[in-house]
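Please look at the sequence and the model before reading on.

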Amino acid sequence: LDARGAPWRLGLAGLLLASSAGAAPVPPAPKPDRIEPGLFPGLAYDSNLGVGFGVVGNLARFRPGCTPWCWKATAQVFLYLDRGPDGAPEVTYTHNYLDLDLPGQLDGRLRLQIRGWFRRQVDSGWYGLGNASPASKPWEAFAEGSEAYARARRYHEYDRIEPAGRFVARFALGAGLEAFAGFLGSYNRVQPYAGSLLEADLTRPDGDPTRDALVGAGEHGVLQGLAGLLFDSRDDEVDPERGMFHELSVRGGGVLGEETGYGGLNLHLRGFLPVVPAHLVLALRVQGDLLWGGAPFYELGRTGGLWPDDGPAGPIAVRGIPTRRYHGPAKAFGNVELRARFFTVRVFGQDATLGAVAFVEAGRVWAALKKLPELDGEGLGLHGGAGGGLRLRFGTTFVVRVDAAWSPDGVGVYADVNHVF
């Protein structure tokens, strides 16, 4: 920040001194019988989506005998605004959801997790199949503001609407081991833009790897089942300092209307190690995902498991890379985070802990289980990102994150709740 950053640094130093002088050395323990709220107005920026804003809320009920809580509800209303191809403002992305977590069923042996959501992204990315897919810019050949320019700006984009619901039941087996099973149902409307790469790829002949991968490029429903095992030895679900959290799962489903079936395998490993107890934590993650059969093509840019999400690109995987930049049935990525905790103060009767993170991460996809250098390129082919951010833990159930990341593919500033992993 150079000289302009000095007042900010002095302000933070003053806040640190004031908090250490005025706050109790050991914050009082929260009441065991309570309702814990949290509310965060979010502001974000993504090089692919524009400026985002909205609100995320959290409400949890605690009573003696409930672990980690009796119930917790989390809701989000969030949208991004950017200039459209014609220069006018447009809503590029909308993501609204409601989560309900119900642990402690059947005397603590059963945990139910339910999510419903609505998403629409008018500039969903499609750059082709494989790790070496190029990001061309055909609009540079036209005058900005012209009809040809506006059309070319949609070259790597399509419009997708997705309302969906998901239900997962987790069964405690003892010693940190759990079995889980669930299902997902969604309606999807995919609309390729005229002159886009997706529209062109849909005209490729049958037998072409890219054309064969484009299942679900229209209006359809999806039904999917999930089953797996997990091991959890973390000392804290929300902001762990030590322990492990691993899962192995299989999934399978079908695309209604296209009469195709598919399967998937996911391995997700996470570990947490205190470097300076209570102040500095090393967090590590590795995830691998494999799909086979006729999966919807947008799933080639996502991972499965207990909490499926976009990857290996985007704010939950390799930050800085635009979401759904790379597509392939096989994918892998890893993250290294160094998480610092600065100080804790009391705000509205609850503990608020300020911290920061620094991270590096990388990943890649494969267009097929066999070698396809024309789609995946040669060599290691890793796509990486790096950055840092702030963390604010409010109470015992709510962590707000704000990250800034850079990669050769783009930049991003993201705001959301909970750690990335």
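Q: Over how many bridges do β3 and strand β4 (residues 89-104) pair in the antiparallel sense?
A: The model is predicted, so local features need a pLDDT of at least 70 and side-chain atom pairs count only at pLDDT 80 or more, while totals for chains, interfaces and linings use all residues. Residues are numbered from 1 along each chain as its sequence is written, and side-chain values use heavy atoms, with hydrogens and water left out. Strands are DSSP runs of E with at least two residues, numbered from the N terminus, and two of them pair if DSSP finds at least two bridges between them. For β3 and β4 in the antiparallel sense, the count of bridges is 12.

Q: Which residue of the hairpin of β3 and β4 takes a positive phi?
A: Within this pairing, L79 stands opposite T94 in β4. The hairpin has 5 residues between the strands. The residue with a positive phi, near 95°, is G87.

Q: Which residue in β3 is the bridge partner of V56?
A: Strand β2 (residues 50-62) runs antiparallel to strand β3 (residues 71-83), and 11 bridges join the two. Within β3, the bridge partner of V56 is Q76.

Q: Through how many residues does a hairpin join β17 to β18?
A: Strand β18 (residues 410-417) is joined by 2 bridges to strand β1 (residues 34-46), which runs antiparallel to it, and in this pairing D46 stands opposite G412. β18 also pairs with β17, in the antiparallel sense and over 8 bridges, with V402 opposite A415. The number of residues through which the hairpin joins β17 to β18 is 2.

Q: How many residues apart in sequence are the parts tied together by R324 and D310?
A: R324 forms a salt bridge with D310, with 3.2 Å between the closest N and O atoms, and both residues are buried. R324 lies in the loop between β13 (309-310) and β14 whereas D310 lies in strand β13, so the separation in sequence of the parts tied together is 14 residues.

Q: Which residues are joined into one network with R319 by salt bridges that share partners?
A: The side chains of D403 and R319 meet in a salt bridge (2.9 Å, N to O), and both residues are buried. Because D403 lies in strand β17 (residues 398-407) and R319 in the loop between β13 and β14, the pair ties together parts that are 84 residues apart in sequence. The residues joined with R319 through shared partners are E337, R339, E361, R391 and D403.

Q: Which element gives the most residues to the lining of the second largest cavity?
A: On a 1 Å grid over the protein atoms alone, a cavity is a set of points where a 1.4 Å probe fits but cannot get out, and lining residues have an atom within 4 Å of a point. Of its 14 lining residues, the closest to its centre are D239, A340, R341, G355 and R391. The element that gives the most to this lining, with 5 residues, is β15.

Q: What is the angle between the planes of F167 and F183?
A: Rings of Phe, Tyr and Trp (its six-membered ring) pair if their centres lie within 6.5 Å, and planes under 30 degrees apart count as stacked, over 60 as edge-to-face and the rest as tilted; the count comes to 8 aromatic pairs. F167 is partly exposed at 26%, whereas F183 is exposed at 53%. Their pair is tilted, at 5.8 Å centre to centre, and the angle between the planes is 35°.

Terms used. 1 Å grid on protein atoms, 1.4 Å probe; cavity = no way out; pocket = protein on both sides within 12 Å on 5 of 7 lines; lining within 4 Å. Helix = DSSP H or I, 4+ residues; strand = E, 2+ residues; numbered from the N terminus. Salt bridge = Lys/Arg side-chain N within 4 Å of Asp/Glu carboxyl O. Buried < 20%, exposed > 50% of the residue type's maximum accessible area, 1.4 Å probe, protein only.
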